[in-house]
Structures are given as structure tokens and as C-alpha cells.
Amino acid sequence: MNADVVIIGAGVVGACCARACAEAGLSVIVVDRGAVASGTTGGGEGNILVSDKEPGPELDLALLSRDLWAQMAGALGDSFELDPKGGLVVAARSETYEHLLRFADEQRSCGVIAETVAAWDLAQLEPRISRDLVGGVFYPQDMQVQPMMAAAHLIEAARATGRATLMTDCTVTGIDRDAAGAISAVRTSQGSISTRHVVNAAGTWGGEIAALAGVELPILPRRGFILVTEPLPPVVHHKVYAADYVANVASDNAGLETSAVIEGTQAGTILIGASRERVGFDKTLDWGVVRRLSRQAIEVFPFLADVQLLRTYGGFRPYCPDHLPVIGPDPRVPGLLHACGHEGAGVGLAAATGHVIAQALTGAPLSIDLAPFAPERFEASHVG
Amino acid sequence: MSDEIRFTLDGEGMTARTGQSIAGALIAGGAMSWRRTRFDDRPRGVFCGIGACFDCLITVNGEANVRACLAQVREGDRVERQEGTGYGE
């Protein structure tokens, strides 16, 4: 077997990389030790958000990515429930609200559309929302997607070019380098693939793949649970979340952090997030998390007190010490590129990630400066 | 002690044994399906039987989406077949 590029990971990031590379004319093999979207992607909600990003390189990437998502959905005929529903961030205390309004001001200067919503206008956007909130900000650019379907359809679109192959239940056992240190092959449980390029899209397990290639990448898991309610007629119309979610995402606290994130899905269920804790790869359900998420969600939408939870699911958000993803060529190993470590924003940032990975592989001008996402930035000797 | 419990399915009289699940009583009474899915109007009844799959949802005394395989029948229960989400959208 051989290919211009082997993409490790059939999650949404790997799928976006595969489609972009195949469309750019490269031959592609996507390998995953499990099934499509069986790892980091399958444990998430499918958020495509600009609202929770502070000004900086991640927001620039998010703005590019949401436009690319909209284009992909158009090209693929609405096959993965892309819903430009908009996000509504709400505050329960005036101090939080003032902080939110300042945050929105900074975002506006970077191209984010953010509409201030007074307390008495919240019900126009969300009729069932609590009357005890002090105000909110509406972000019409926020979108939601069904992440498993998105990954599957994007890989299908890559295959439709005739240049991409998918190998599931295929574990990468080694990455070979030639005498000059450059990538020469990927060894897998289903045989060796000759290639000059590897894209590490292994999400939370990206550090293990980097280690196979002989380099260190400090990606660690941050566990998150999501609660799923019984299906309801449409009652929550936007992605609604409490303003302290942004602070939690950026936090370096190792303990449990929760903030209410509530949204409906096209299937009728309501998803309630979001928790974050650093407990390694332990997926055991924690009832304390379920209780806290439920209580916080009811504070935003009181009617949820009478709604049944059907199930929970969880996953691992891959985070780096500086909370930025790792995207682009690794100068330590010629031919190795990374596309991982997106923390809880991998679905949202996937489209732009695949886009720039394909540009980097084909030598095209990059749509975005990759320096802030450089894989070698964690090295002690690196001067940023 | 009386072993027989009376309840209704869509207003029609049914009987069950003490301790029997709603699903058990319905199957014993000849009903195999009591819910229609919300998208394709497909019939649903017991699938896993142990509370995991949420296929056997039914409306009991006005409360929608009760798992018939886990809920015990009580005397006088008004059990109703369920359409879609059970909230009459």
C-alpha cells in the first residue's frame, strides 16, 4: 500500500483533512484503530462556536472554520444536520453580565457579530428561559452539527474523489523514518503503508502518535459529560449557555468545573453540558456531575425540572498547556503534520484545520498563520 | 391477598399480576407494540427489556416516556399508547 498522505484518526478533524487533501489531488489513506468518530469526536456535542473564543489566533481560526463549515454543508447537501441556530450567552448576575459585555466588545473588533440582549428581550429568543437572568449576548454565527454524521459524510466525500481510502479497526503500530529522519512509512495492524506524509489527527491520543514518530506532544485528556433528555417538541431554539462557561474553558483548574450549556437537537433531545475535569482516561460516570449539570441547566431553563434524562455520554477533550491546538508541519520530523489538541473545539475548528493542512501539504499559501499552533512550541529551547 | 391488578390501556380494561412490569402485563395481554416513532411512525415495544434502550416508552397516568419494562403496574393505572415524543407536538 502507498499514499501521498496517511491521516491517523477518522474523527471529524481527520475527515476534514481527508476531504481537503483528496480535493487538492492527493492520494489519501485514513486509518483509525476504531470506527469513524469513535473517539474524541463521538464524545462531543458538535459545536461550531465563535462566541466562546477570546480575541487571538483561535478566534481567527474559528471564524475561518465556521465559513468553511457552511460551504461544506452546502456542497454536501445538508447531510449532517448543520444548523446555523446562533448562540445565546446569558448571565445570572450583573457582575458576570458586565464581564460578558466587555468580552463581546473585544470580540466585535475581531469580526464577531455579537448582539446585546436586554433581560426583557431574552424571552423573544427563548420563550422558556428563566426570568431571573440579567441579560445576554446573541451570537448569530454560532452553529451546531451532528459530529458523527459530519465525520462519516466528509470521509465519504473524500472517497467520492476516488483518491481516498478508509481503513477502520486499523491500529498504527509504528511510524518509519528514513536515514534523513523523514517519514517513509506507517506500520499498521493491517500492513505497512509507504508514504512521505503523516497527519496526526488522533485527538486526545495525538501524543501517542507523536511518540511513535519520535517527538513529544503534550496533549492530555480533560473529561466532559453531557446529559441527554427525552425527545421534546422544539423548545430550546439556540445554543444557550451561561457566561461562566468561557472562564471555565480557559481555566487551568484540575478539579471539576461545570457551567450550563443547553441546546436542542434535530432528534428532539436536549443536550446539557458542560463539565470539565482532569482525571486521566477514566470514563466512570460521576453522579455529582449529573446533579450539578442538571441544577445549573434548570436555573437557565426552569421547565427542565420536569423533563426526564435518558442517558449521559462523555468524552475526552484533548488539551495542550496553552489551550491552543497543534496544527501544521512538525519541523522535528520532515513529513509529519499535526492536527490535534483542539480541546472542546475540535468539531468547530475542524474545517479550517483540514483546509490549512491541505494547503501545507500542497505548498499553497496558508489561509492563516500557523505559528501560534506550532508543534515545537512546547520544547524548552523553542523561542516563540 | 389478591394477586390481580386492574389497569387500562387506552381506556380498555387489562389485568396484571402484582409486581409485573407494564411491559410484561401488556405482552401477556397480547399487545406487542405501544409506541410509534416520531419520524417514520414505526411501531415500538420491548427491545432490551432492562431499561437501557428507551424503546418501550409509554405514557402512564399522563406522564410521557415512562419505560414500560421498568415501571411496575399499579392498581388503576391509566396507560396510553404513545405517539412520537408523547407531548402531542
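This is a predicted model: local features need pLDDT of at least 70, side-chain atom pairs count only at pLDDT 80 or more; totals for chains, interfaces and linings use all residues.
Visitor: How many residues does the contact take from chain A and from chain B?
Guide: Happy to start there. Contact here means heavy atoms within 4.5 Å. By that rule, chain A gives eight residues and chain B gives ten residues.

Visitor: What area is buried between chain A and chain B?
Guide: The size of an interface is often given as the accessible area lost when the parts come together. Carbon and sulfur atoms give 56% of the area here, and the total between chain A and chain B is about 830 Å². On the side of chain A that touches chain B, the classes are five nonpolar, two polar and one charged residues. The value you asked for is about 830 Å².

Visitor: How many salt bridges are counted between chain A and chain B?
Guide: Over all chains, the whole structure has 24 salt bridges. Five residue pairs are in polar contact across the interface of chain A and chain B. For salt bridges between chain A and chain B, however, the count is zero.

Visitor: Which strands stand at the edges of the open sheet of chain A?
Guide: Good one to trace on the model. The eight strands of chain A, with mixed pairing, follow the order β5-β6-β4-β14-β15-β16-β13-β17. Neighbouring strands are turned by 25° against each other on average, direction ignored. Two strands of chain A have a single partner each, so one side of each is left without a neighbour in the sheet: β5 (115-118) and β17 (309-319).

Visitor: At what angle does helix α8 of chain A run to β15(A)?
Guide: Helix α8 (residues 287-300) of chain A lies across several strands, including β4, β13 (220-229) and β14 (239-242) of chain A. Helix α3 (residues 94-108) of chain A runs at about 25° to β6(A). For α8 and β15(A), the angle is about 55°.

Visitor: Why does the pair of A:Arg196 and A:Asp178 tie together separate parts of chain A, and how many residues apart are they in sequence?
Guide: Their side chains meet in a salt bridge (3.1 Å, N to O). A:Arg196 lies in the loop between β11 and β12 (198-200) of chain A, while A:Asp178 lies in the loop between β9 (172-177) and β10 of chain A, so the pair ties together parts whose separation in sequence is 18 residues.

Notes
Residues are numbered from 1 along each chain as its sequence is written. Chains are lettered from A and ligands numbered from 1 in the order in which they are written. Side-chain values use heavy atoms; hydrogens and water are left out. Buried area is the accessible area (1.4 Å probe) that two parts lose on being put together, summed over both. A salt bridge is a side-chain nitrogen of Lys or Arg within 4 Å of a carboxyl oxygen of Asp or Glu. A polar contact is a pair of N or O atoms within 3.5 Å; within protein, one must be able to donate a hydrogen and the other to accept it, and residues adjacent in sequence count only if both atoms are side-chain atoms. Ala, Val, Leu, Ile, Met, Phe, Trp, Tyr, Cys and Pro count as nonpolar, Asp, Glu, Lys and Arg as charged, and the others, Gly among them, as polar. Two strands pair if DSSP finds at least two bridges between them. Helices (H or I, at least four residues) and strands (E, at least two) are DSSP runs, numbered from the N terminus. Axes are lines fitted to C-alpha atoms, for helices over the stretch in contact, and angles run from 0 to 180 degrees between N-to-C directions.
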